[in-house]
Amino acid sequence: MTQVQRAQTAVEQRRAWFIHDRFGLFIHWGIYALPARHEWVKNREQLSNEHYQRYFDHFDPDLYDPVTWARTAKQAGMRYGVITTKHHDGFCLWDTQLTDYKATNTPAGRDLIREWVEAFRAEGLKVGFYHSLIDWHHPEFPIDGLHPQREDLAFRERATQRDIRKYAEYLHGQVRELLTNYGKVDIMWFDFSYPDRDWGWSKGKGKEEWQSESLVGMVRTLQPHILVNNRTQVDPDFYTPEQMQPRGWVEIQGQRATWEACQTLNGSWGYDRDNLDWKSPELLVRMLIDSVSKGGNLLLNVGPTARGEFDPRAVATLQALGEWTRLHARSIYGATQSEFAAPQDCRFTQRGKRLYLHVFAWPMQAIYLEDFVGRVEYAQLLHDGSE
């Protein structure tokens, strides 16, 4: 076996559990749960640090129970979880030693990530950390067209000497903490790069600004078995289409890639109290099936409330998903795209010689399977095993 072949085998072994488990829980949680108007509220409403401080001062998730979160995820059929350690606003849910802008200095008064990791591991779920490459709170993060105070010309003028290299040092230091202090971490989910954006007076940021080569190198040194997504723009293990379902198996430079669609329950990642655009359980089941039928995973998001609970509507949706996955797990876990083309309004998933036909729209009496004559040994409905 050549060195290239050995490296490829190691990558395949690293991804094996991810490709098998197929379904994960995404959690976006932070002080943006207090305004409850989307996780980008600081950007959307162009809030200053001084205004945003009120949410830090009043962050008191007294009902936070990650054991309940983990059990809810497991009951829904999810096999792994990914939580925001820090979103774009810079607020940290763990006891980082590199900033005071963290949960331990709020009324919460403790490391919320440690409790989460322990709870999810106890339920047999793999754990992943989402970490924003962006930080609108850090004093060395240069102002650009996504920054909340982009229209404040006086603020921009005062910030002209900010040094992205100092911020990158901070970014790397925090990632080192996360991958050193919490045992084995299964996924590092970075977000996001935007080097092609140009506002005239400022440009976007990407792998050069994040120093992604050394960042990902450090990640792989600290946690050799970890999976890293594509948003650092360097050496990804999987790709992350967001809020959309690909038309087919995701391909990169003509080669099939490992991929995971990340989707919301209602259009917002963080808790958004008045957002009523809730997807039905039926639609979400279809999205899960659709992902697996194209060789991918589904990472489905919940935005907990400021008190630390899942919205009752989210809980009801996850319970409904759990009823479906309990009966149809064999068509999802360990399954992938079939070599066969599915009939209209259907999807195929396949596990070895087992072929699963998912019927999205029940036909008028018959489903026609072209070229299957003499090839089907036995057919049954999966939910009850009836012929």
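**Close-up 1. Asp 345 in its loop.** Asp 345 sits in the loop between β10 (336-337) and β11; strands are DSSP runs of E with at least two residues, helices are runs of H or I with at least four, and both are numbered from the N terminus. Its phi is near 60°, a positive value in a residue other than glycine. A word on what you are looking at: this is a predicted model, where local features need pLDDT of at least 70 and side-chain atom pairs count only at pLDDT 80 or more, while totals for chains, interfaces and linings use all residues. Residues are numbered from 1 along each chain as its sequence is written, and side-chain values use heavy atoms, leaving out hydrogens and water.

**Close-up 2. A cis peptide bond at Phe 192.** Between Asp 191 and Phe 192 the peptide bond is cis, with omega near -15°. Phe 192 belongs to the loop between β4 (187-191) and α8 (207-210).

**Close-up 3. Helices α7 and α9 side by side.** The axes of α7 (residues 164-180) and α9 (residues 212-222) come within 10 Å and cross at roughly 15°. (Axes are lines fitted to C-alpha atoms, for helices over the stretch in contact, and angles run from 0 to 180 degrees between N-to-C directions.) That makes α7 roughly parallel to α9, a label for angles under 35 degrees. On the α7 side, the contact (heavy atoms within 4.5 Å) includes Leu 171, Val 175 and Leu 179, and on the α9 side Leu 215, Met 218 and Leu 222 are among the residues they meet.

**Close-up 4. The largest pocket.** Here you see a pocket with a volume of about 1400 Å³. Of its 35 lining residues, the closest to the centre are Leu 355, Tyr 356, Leu 357, Ala 379 and Gln 380. (On a 1 Å grid over the protein atoms alone, a pocket is an open set of points with protein on both sides within 12 Å along at least five of seven lines, a cavity is a set where a 1.4 Å probe fits but cannot get out, and lining residues have an atom within 4 Å of a point. Points are joined across faces, edges and corners, and a volume is the space filled by probe spheres set on them.) Strand β12 gives the most to this lining, with six residues.

**Close-up 5. The cavity.** Searching the whole structure turns up one cavity of 30 Å³ or more. The largest cavity holds about 100 Å³ of space. Among its 13 lining residues, Asn 266, Gly 270, Tyr 271, Trp 278 and Gly 303 lie nearest the centre.

Definitions and conventions: Angles under 35 degrees count as roughly parallel, over 145 as roughly antiparallel, 65 to 115 as roughly perpendicular and the rest as oblique.
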